[in-house]
Amino acid sequence: MEQKHSWPLQDYMVVVRCFTYNQVKYIEDALKGIVMQKTTFPFCALVVDDCSTDGTVDIIKRYEKEYPDIIKAVYLQENYYSQKKSKIPFVKPWHDRAKYLACCEGDDYWINSNFLQVAVDFLENHSDYSCVFGNRIVCDEQGHLLTKTTFGRDLTINDIMSGINMGLRNLCYRREVSNVVFNSSSNGDLQLYYKCAISGKMKYINDDFAVYRYTGEGVCSSLKGKEALYISYYHYYKFHQETGFKYQKEYVNYQIRQLISHLFHPSESLYCLRMIGKFHVPSRWRYMW
């Protein structure tokens, strides 16, 4: 009979997911932040290259050779993004080998060598929490600070549904979170935040763990003006639609917050009003506050 291993015998305590495509300018920062982690437990990074053509692969191979116990690289033979393939079949088996999961995409980077240790230490001792996150930091391509959010408290499902989130690269969470079914076509990051929120409490630690690098080259960050607003309102509409618009107050809060943030740009604020009309909950114009 096959022996069933308990968690202390798992292959890795943490598996880090790192997707990259043509990010030769940034990928080394991402890999440095991963391999510098100081832990008392085994962890690895599944680095998936989506057919890069700019030298990204050469850097990954160098780190793979230098840190074979940490960097586990996969080089796709066809570009998944161009084919709109969001599910890569071999990722889940790797996730299943870990107790906790974390993400650091190829253009983001970690700045704290104790990130994984701090997160795991807390989660190991607080079973009612689904994840750990720190301050949300956004920098430009050169690493200059653009914004920094110090949340000051743990987040709740209400925060997530109203558009407040911790940031993907700033998050370490339990593997079971990823098993929560969420079939909406909304943004995948939003879905993960939601899954964390309904799986347990979300612990805020007042520390700087990671940086989101705003390059203007990402799927969402490359969008500008009205196009970006449309996608934002659309994703949150689909996000709330999946829950049957259960969080109506939070949905309205998100729409209003978007509107307020664009008040100093008349054309964009008018467009926000149009989007509120377009993506308002059908037949539910009256809200119970």
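Contact is taken here to mean heavy atoms within 4.5 Å, and helices (H or I, at least four residues) and strands (E, at least two) are DSSP runs, numbered from the N terminus. The structure is a predicted model, in which local features need pLDDT of at least 70 and side-chain atom pairs count only at pLDDT 80 or more, whereas totals for chains, interfaces and linings use all residues. Residues are numbered from 1 along each chain as its sequence is written, and side-chain values use heavy atoms, with hydrogens and water left out.

Seven strands form an open sheet with mixed pairing in the order S3-S2-S1-S4-S9-S6-S10, where two strands pair if DSSP finds at least two bridges between them. The edges of this sheet are S3 and strand S10 (201–204), each of which pairs on one side only, and the twist from one strand to the next averages 20 degrees.

Within the sheet, strand S1 (residues 12–20) is mostly covered, since eight of its nine residues are buried (under 20% relative accessible area, with a 1.4 Å probe and protein chains only).

In H1, the residues Ile27, Ala30, Leu31, Gly33, Ile34 and Val35 are buried, and their cover includes S1, S2, helix H2 (56–66), strand S3 (71–75) and strand S5 (109–110). The axes of H1 and H2 lie 10 Å apart and the two helices pack at an angle of about 20 degrees, the axes being lines fitted to C-alpha atoms over the stretch in contact, with angles that run from 0 to 180 degrees between N-to-C directions. H1 and H2 are therefore roughly parallel to each other, as angles under 35 degrees count as such.

H2 itself lies across S1, S2 and S3, running at about 145 degrees to S3.

How values were computed:
Buried means under 20% relative accessible area, exposed over 50%, partly exposed in between (1.4 Å probe, protein chains only). Angles under 35 degrees count as roughly parallel, over 145 as roughly antiparallel, 65 to 115 as roughly perpendicular and the rest as oblique.
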